[in-house]
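Please look at the sequence and the model displayed below.

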Amino acid sequence: MEFIMILKAIILGFVEGMTEFAPVSSTGHMIIVDDMWLNTKEFLSKYEANTFKVVIQLGSILAVVIIFRDRFIEMLGLGKRAKSSAEKQNRLKLSQVIVGLIPAGILGVLFEDYIDEHLFSTETVLIGLVIGAFLMIFADIFGSKDPKTTSVDQITYKQALSIGLIQCFSLWPGFSRSGSTISGGVLLGLSHRAAADFTFIMAVPIMAGASFLSLIKNLEYFSVEALPFFIAGFISAFVFALISIRFFLKIIGKIKLVPFAIYRIVLAGVIYFVFL
């Protein structure tokens with residue numbers, strides 16, 4: 001039984017790591033893999049299962065921190081000092097990231113309980129998957145074909161705030177944080193790679209904050225018996241997130257968003273016909 005639990009943890013960590021930062025909705029994939037196949041609720045309580053999802057999400061967040069570690073060190077002022085004031089001026093600032101976090105952060109705090117109680121259902125995830133897909137297609141069609149903002153260091157405060165406002169859509173389960181923010185960035189004149197970089201950097205503080213708060217809230221549901229399950233899931237999510245993020249950043253500028261949008265629509269169809 002313990003071996004089966006560990007195997008299921010590794011599979012769920014794989015799903016989380018491969019989908020958390022791709023614009024395909026990790027929530028939708030968790031519904032298919034866990035609720036429809038693995039059924040971890042057979043050996044975990046509802047609260048332990050929710051805590052496990054927070055733990056593997058932290059594994060994915062750690063992967064982003066590792067990949068963008070130099071950028072985070074620089075923004076926090078812990079690295080080498082810039083050689084000139086001009087060089088400092090032309091780098092992404094922590095304050096710009098904070099500006100991007102404010103809208104979704106405020107709405108997330110105000111409506112957290114409502115979202116958890118009323119929006120986490122298969123039906124609402126399907127809606128998020130499909131509408132998010134159309135937003136991504138819209139962004140590829142109407143976004144600038146010759147974007148002026150080709151690097152994350154060229155992002156303005158206005159663009160950061162606008163992307164933050166669009167990120168609010170991701171509070172709807174299934175919409176996808178990266179799907180909404182990358183689409184928003186492209187519509188605002190960013191290249192796909194610049195939008196993706198800003199999305200991943202901005203995701204760390206908001207996801208880490210939400211995950212740690214949820215973890216503290218559910219700390220009582222940790223048990224010694226479930227600890228190997230949690231550790232296996234965390235490590236799995238971290239390793240596969242490292243792989244998927246590096247791969248995604250290499251291909252996003254070439255394939256854009258439409259292939260991911262088509263995949264989301266297909267995924268919604270699978271969930272609808274199989275699960276419902």
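The paragraphs that follow discuss a pair of helices, a pocket and a cavity in this predicted model.

Two packed helices are described by the angle between their axes and the distance between the axes. Helix H3, residues 46–67, and helix H11, residues 227–255, have axes that come within 7 Å and cross at roughly 40°. The crossing of H3 with H11 is right-handed. Where H3 and H11 are in contact, 17 residues are nonpolar, four are polar and two are charged.

Attention now turns to empty space. Rolling a probe the size of a water molecule over the atoms shows where such space is left. The largest pocket has a volume of about 1900 Å³. Its lining comprises 49 residues, of which Gln57, Ile115, Asp116, Phe120 and Ser214 are the closest to the centre. Two or more lining residues come from each of helix H1 (2–19), helix H2 (26–38), H3, helix H6 (94–119), helix H7 (122–142) and helix H10 (192–217). H6 gives the largest share of this lining, with nine residues. By class, the pocket lining holds 20 nonpolar, 18 polar and 11 charged residues.

How many cavities of 30 Å³ or more are there? The count is one. The largest cavity holds about 30 Å³ of space. It is lined by Gly17, Met18, Thr19, Glu20, Phe21, Ala22, Phe200, Ser244, Ile245 and Phe248. H1 and H11 each supply at least two residues of this lining. Six residues of the cavity lining are nonpolar, three are polar and one is charged.

Terms used
Residues numbered from 1 in each chain as written. Predicted model: local features only at pLDDT ≥ 70, side-chain atom pairs only at ≥ 80, totals over all residues. Heavy atoms only, no water. Axes fitted to C-alpha atoms, helices over the stretch in contact; angles between N-to-C directions. Helix = DSSP H or I, 4+ residues; strand = E, 2+ residues; numbered from the N terminus. Left-handed = near helix turned anticlockwise from the far one by under 90°. Nonpolar A, V, L, I, M, F, W, Y, C, P; charged D, E, K, R; others polar. 1 Å grid on protein atoms, 1.4 Å probe; cavity = no way out; pocket = protein on both sides within 12 Å on 5 of 7 lines; lining within 4 Å. Points joined across faces, edges and corners; volume = space filled by probe spheres on them.
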